[in-house]
Amino acid sequence: MDARAEAALQAACSAAHAGEWRLCADKYLEAYNACSSQWPAKYNCWSGYTSVLREDHFIATDADLAALRKVRKDESAYLLDRQQASFTQGYVLKVHHGDRQGAARAYRRAIDQCKSATAADRDRKVLLTDEATMQWKLKPSGPIFDETLSSATQNLASMEDHSKTWRTISARSRIRLTLT
């Protein structure tokens, strides 16, 4: 029984309804860390935690980055959890901490993880809220891998395009400064 995890998940939901986003994230993480790997809502807790970090309600802390790093490196964690950690780490590093190089590495890692997902990884069912019915429903992981792959690829491409544009503008500015 995952009673402690269940209580933390309920507290996360209550905190979200109250708009207490830091507490919400902390409780999602507590639930994720407290539960067994067999608890049906385990990925839901991880998804909740990482989603709150990407919703910009607050600046993710070093402790948040450490939690992401821990799951990303944990070979016993499901690949779905690890790719979500990498993707969220990329977002947090770029948006919250301004570390474009670190973000690019994390997005590349998420892309590689998504591409390496086996049929078993993609078929694994996780408990998530069905947006149409707002009820808990077991869903295959495949579409989550696909969504993360698409988003990480787009985010990385946007960063690389922006970087190229900046170098071009910077080079033109130097030329103008030199010529005037």
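Analyst: Let's start with a definition: a residue is called buried when its relative accessible area is under 20%, and exposed when that area is over 50%. Please keep in mind that this is a predicted model.

User: Happy to. Why is Gln-84 called buried?

Analyst: Gln-84 has a relative accessible area of 5%. The cut-off is under 20%, so Gln-84, at 5%, counts as buried. Gln-84 is placed in helix H5, which covers residues 79–96. Setting aside residues up to four places away in sequence, Gln-84 touches Tyr-43, Trp-46, Thr-50, Arg-54, Ile-144 and Thr-148.

User: What makes Gln-113 count as buried?

Analyst: Gln-113 has 10% relative accessibility. Since the limit is under 20%, Gln-113 counts as buried. Gln-113 lies in helix H6, and beyond its neighbours within four places in sequence it is in contact with Arg-72, Leu-79, Arg-82, Gln-83 and Ser-86.

User: Let's turn to the rings. How many aromatic pairs are there?

Analyst: The count is three aromatic pairs. One of them joins Tyr-32 and Trp-46.

User: Why is the pair of Tyr-32 and Trp-46 called tilted?

Analyst: The ring centres of Tyr-32 and Trp-46 are 4.7 Å apart. Centres within 6.5 Å make a pair, so these rings qualify. Their planes are at 40 degrees. Planes under 30 degrees apart would be stacked and those over 60 would be edge-to-face, so 40 degrees makes the pair tilted. The pair links distant parts of the chain: Tyr-32 belongs to helix H2 (residues 21–34) and Trp-46 to helix H3 (residues 42–54), with the two 14 residues apart. Both Tyr-32 and Trp-46 are buried.

User: What makes Phe-87 and Tyr-107 an aromatic pair?

Analyst: For Phe-87 and Tyr-107 the value is 5.7 Å centre to centre, with 50 degrees between the planes. The distance is within 6.5 Å and the angle falls between 30 and 60 degrees, so this is a tilted pair. Phe-87 is in helix H5 and Tyr-107 in helix H6 (residues 100–115), so the pair ties together parts that are 20 residues apart in sequence.

User: How do you know whether Phe-87 and Tyr-107 are buried or exposed?

Analyst: Phe-87 has a relative accessible area of 8%, and Tyr-107 has 2% relative accessibility. Both values are under 20%, so both residues count as buried.

User: Which residues does Tyr-107 contact, leaving aside its neighbours within four places in sequence?

Analyst: Tyr-107 is in contact with Phe-87, Gly-90, Tyr-91, Ala-152, Asn-155, Leu-156 and Met-159. Tyr-107 is also listed, with Trp-46 and Tyr-49, as having the most contacts inside the largest nonpolar core, which has 49 residues. H5 gives the largest share of this core, seven residues. Trp-46 and Tyr-49 come up again in an aromatic cluster with Tyr-32.

User: Why is the charged end of Lys-42 said to sit over the ring of Tyr-32?

Analyst: The charged end of Lys-42 is 4.2 Å from the centre of the Tyr-32 ring. The rule asks for a distance within 6 Å and a position within 35 degrees of the ring normal.

User: Last one: what is the pLDDT over residues 165–180?

Analyst: Over residues 165–180 pLDDT stays under 50, and the model has zero contacts there beyond four places in sequence. For the protein, the mean pLDDT is 90, and 89% of residues reach 70 or more.

Notes
Residues are numbered from 1 along each chain as its sequence is written. This is a predicted model: local features need pLDDT of at least 70, side-chain atom pairs count only at pLDDT 80 or more; totals for chains, interfaces and linings use all residues. Side-chain values use heavy atoms; hydrogens and water are left out. Helices (H or I, at least four residues) and strands (E, at least two) are DSSP runs, numbered from the N terminus. Buried means under 20% relative accessible area, exposed over 50%, partly exposed in between (1.4 Å probe, protein chains only). Contact means heavy atoms within 4.5 Å. Rings of Phe, Tyr and Trp (its six-membered ring) pair if their centres lie within 6.5 Å; planes under 30 degrees apart count as stacked, over 60 as edge-to-face and the rest as tilted. pLDDT is the predictor's confidence in each residue, from 0 to 100. A nonpolar core is a set of buried Ala, Val, Leu, Ile, Met, Phe, Trp, Tyr and Cys residues joined through side-chain atoms within 4.5 Å.
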